[in-house]
Amino acid sequence: MYKINELFETIQGEGSFTGQPSIFIRLQGCPVACSWCDTKHTWEIHLDQQVSSTKMLAKREETEQWSNMSVEQIISLVKDKNYRAKHIVITGGEPCMVDLTPLCLAFETLEYTCQVETSGTFEINVSKNCWVTVSPKVNMRGGYKILDSAMRRADEIKHPVATEQHVDDLKTLLLKHQITSTPVYLQPISQKERATELAIETCIDNNWRLSVQVHKYLGIE
Ligand code: SF4
């Protein structure tokens with residue numbers, strides 16, 4: 001069973017799959033505690049916030065409500081909604097707190113592609129073909145360490161930046177885990193002007209890529 005906070009169809013706005021029509025499955029629960037987190041409503045799993053899948057889907061604002069759903073129920077919901085996207089993005093919260101392999105395999109059998117977005121602080125249990133986006137969260141309040149296994153499994157590394165310290169943290173991390181060929185995306189935190197300038201300069205200096213959270217500029221989910 002998976003604790004689902006949100007399930008919706010939109011355009012992926014970040015990283016390699018930017019522009020790709022996608023079905024987002026947002027899981028409830030994250031202990032990493034990033035100060036700039038824009039999904040703080042997914043952090044806690046309160047049992048009194050459990051709702052039916054119908055109520056979860058009907059939400060019109062960000063809440064801590066979640067629905068407990070099996071793989072079969074999730075697939076059936078996606079079919080019922082007549083979503084046309086064939087790319088699944090499993091996000092959170094921190095989705096890798098649970099084994100995502102059954103969910104990935106079920107969707108892949110139906111010819112969807114899968115992607116998971118994780119902080120790299122939990123073991124990544126996904127299908128072999130699942131695209132893994134590691135957005136390493138260094139020195140966050142929750143006290144979790146970035147796992148070597150996560151950095152090595154990453155198909156792309158997407159790093160939020162606002163200060164030189166964030167860039168230095170990333171360089172240290174890449175060196176420590178000997179990551180040399182994985183594509184690196186820098187993502188300015190909260191679309192701030194200085195963060196964006198820093199990200200552009202750093203991308204050019206290091207031949208990294210820029211990820212600007214296109215969905216936020218478009219005003220979509
Ligand atoms: S890992 Fe993601 S969901 Fe968790 S606190 Fe950080 S930004 Fe928020």
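**View 1. Asn207, an exposed residue in a loop.** At 72% relative accessibility, Asn207 counts as exposed. Here exposed means over 50% relative accessible area, buried means under 20%, and partly exposed lies in between (1.4 Å probe, protein chains only). Asn207 sits in the loop between H6 and strand E9 (209-210). Its phi is near 60 degrees, a positive value in a residue other than glycine. Helices (H or I, at least four residues) and strands (E, at least two) are DSSP runs, numbered from the N terminus. The model is predicted: local features need pLDDT of at least 70, side-chain atom pairs count only at pLDDT 80 or more, and totals for chains, interfaces and linings use all residues. Residues are numbered from 1 along each chain as its sequence is written, and side-chain values use heavy atoms, with hydrogens and water left out.

**View 2. Asn206, a residue of helix H6.** Helix H6 covers residues 193-206, and Asn206 belongs to it. Asn206 is partly exposed, at 27% relative accessibility.

**View 3. The whole protein.** The protein has seven helices and nine strands. Its radius of gyration is 17 Å, close to the 17 Å that the globule rule gives for 221 residues, so the protein is as compact as a globular protein of that length. The radius is taken over C-alpha atoms, and the rule is 2.2 Å times the number of residues to the power 0.38. The C-alpha atoms fill a box of roughly 45 × 35 × 35 Å, taken along the principal axes. Buried residues make up 53% of the 221 residues.

**View 4. Trp66, a buried residue in a loop.** Trp66 lies in the loop between helix H1 (53-57) and strand E3 (67-69). Is Trp66 buried or exposed? Trp66 counts as buried, at 1% relative accessibility. Leaving out residues up to four places away in sequence, Trp66 touches several residues, including Lys3, Ile4, Asn5, Gln28 and Val51. A contact means heavy atoms within 4.5 Å. Ala195 is 129 residues from Trp66 along the chain, and their C-alpha atoms are separated by 33 Å.

**View 5. Aromatic pairs.** Rings of Phe, Tyr and Trp (its six-membered ring) pair if their centres lie within 6.5 Å; planes under 30 degrees apart count as stacked, over 60 as edge-to-face and the rest as tilted. By this rule there are four aromatic pairs. One of them joins Phe17 and Trp131, edge-to-face, at 5.5 Å centre to centre and 85 degrees between the planes. This pair links distant parts of the chain, 114 residues apart: Phe17 is in the loop between strand E1 (2-11) and strand E2 (21-27), and Trp131 is in strand E6 (residues 131-134). Trp131 is partly exposed, at 24% relative accessibility. Phe107 and Tyr112 have ring centres 5.1 Å apart and planes at 80 degrees, so this pair is edge-to-face. Phe107 is buried, with a relative accessible area of 0%. Tyr112 is buried, at 10% relative accessibility.

View 6. Which residue does a cis peptide bond join to Gly92? The partner is Gly93, with omega about 10 degrees. Gly93 is in the loop between strand E4 (87-91) and helix H3 (101-109). Ala33 is found in the loop between E2 and H1. The phi of Ala33 is near 65 degrees, a positive value in a residue other than glycine. Ala33 counts as buried, at 10% relative accessibility.
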